[in-house]
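Student: I have a new structure to look at. Can you walk me through some of the side chains?

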Amino acid sequence: MRNLRELGSAYNRKLDANPDQEMKFPTALLAAAGLDNKIYVWYPETGEPYKEYELDQQIDSQVNSLKFSPDGRLLAVTGYEVLRVYDVHSTSPLTTMSNNSDSNSKNITCVSFRGNDPTSLITGGEDGFCRLWQFPRRNLKQTREVNCSLYGVINCLTSKHPEYNAVVGTQLGFILGMNLSDDRVTRLFHQKAHGIQSIDCYADKHNYVLRIVAMTNTGTLLSYHNDQWTDKKVHDKFGLCCVLSQDGQFVATGGSDGKIVILRLEGTNIFEHHTLTDNHLKWVWCLQFSYDGKFLFVSASDGIVQMWSLKDLSVKRHYRGHNKSVASLALFEFRQKHMQHHS
C-alpha cells in the first residue's frame, strides 16, 4: 500500500489537473485543536500537514472537542456557543450553529457522531443538555434534546454504547445513559465529590457491552464490567482523559501530573501496565490509540502532539504547528472490513 504522503501528493496533483474530479480520500488523518484558535490536520504516518483551520479569534473561544465522522470526510468542532461541521477537503465549515437562543448560550463541551451516521451528531454542554443534531442537506438543525441539568454540567460523552444513544459524564460525578428517542435518562453510576472528565466505552462485534471507563478530576479511573464498578487511583493530581484500545483490553489515561498511564484490564481487575513520562509533558489533555494498538497519540500543554510506540515506549513522531496547549485530538483510520461490516 502506498504511504500516506504519496497518496496526498498524488491526490493534490490530480485535483490541480482536474478540479471537478471526485476526491480520493486519505486513509488516515490526525486532527488537533489548541488554545491558539487553530486546528491542524496531519497525515499520521509521516507528520506531513494536510489542512489548517484558523478560527476567528473575535468569535471563537478555544475548541473543546473534535470528532471525525465514521467515514472520515467530516470534522465536527465544538466551542463556546458554537458547533461547526467541516468538510475535511475544505477549510470552510459546511454548516455552523451559533448562539441564537438562551438554550445554546453556554459552552458545548463534547461531541460525537451518532453511530455510523455521518449526518447525525450528539452534543453535551455546560447547560446540562444532551442534544441531537441532523444536517442531511448541510443545514444543521437540533431535532431532540434531553435535560439532565439536575446532574450537573456535561463534561464528556461517548456514543459507542449499543443500548444508549450516548453515555455522558457530569461535573457532579454522574455517569448517565441517554436515550434521545424517548428523553429517557438512566443513572448508571455516581461517584460523590468526583467530577467525570472523560469517558469511553467498548462493545464487542455482537454489541454486548464489555467495558465502560471514566476518568475523574481527582485522578481516579472508574471501570465497569459484568455489572460491577471498580476504581483505581492512577494520577497524583487532576485527571484529564482516558481512552480504550480498540480491543478493550487496555486503557490509557492522562493528567496534570504529566504522566501517561497504560493499564491492562482483565475482568473486573485493573493492572498498571506502563507509565510514560517526558520532560515536555505537563498537562496531558487528550489521548488516542491507533486502531492496531501499536501507537498512542498524545496532546499536551506544550503545543506538540506526539506519537508513542507502545512496543519500545518511545516517541516516534512529533506533530508541530500549535504555539499553545493542545486540548483536543481526533484520529481517523480507514478500515475496509470495519466500514463494510457497518454499511
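Tutor: One aromatic cluster is formed by Tyr 40, Trp 42, Phe 297 and Tyr 319. This is a predicted model, where local features need pLDDT of at least 70, side-chain atom pairs count only at pLDDT 80 or more, and totals for chains, interfaces and linings use all residues. Residues are numbered from 1 along each chain as its sequence is written, and side-chain values use heavy atoms, with hydrogens and water left out.

Student: How many aromatic pairs does the count come to?

Tutor: The count comes to 11 aromatic pairs. Rings of Phe, Tyr and Trp (its six-membered ring) pair if their centres lie within 6.5 Å; planes under 30 degrees apart are stacked, over 60 edge-to-face, and the rest tilted.

Student: Why is the pair of Tyr 53 and Tyr 86 called what it is?

Tutor: Their planes are at 55° and the ring centres 4.6 Å apart, so the pair is tilted. Tyr 53 is in strand 3 and Tyr 86 in strand 6, 33 residues apart; strands are DSSP runs of E, at least two residues, numbered from the N terminus.

Student: Is Tyr 53 buried or exposed?

Tutor: Tyr 53 is buried, at 1% relative accessible area. Buried means under 20%, exposed over 50% and partly exposed in between, with a 1.4 Å probe and protein chains only. Tyr 86 is buried too, at 3%.

Student: New topic. Where does Thr 170 lie?

Tutor: Thr 170 lies in strand 13, residues 166-170. With 0% relative accessibility, Thr 170 counts as buried.

Notes: Helices (H or I, at least four residues) and strands (E, at least two) are DSSP runs, numbered from the N terminus.
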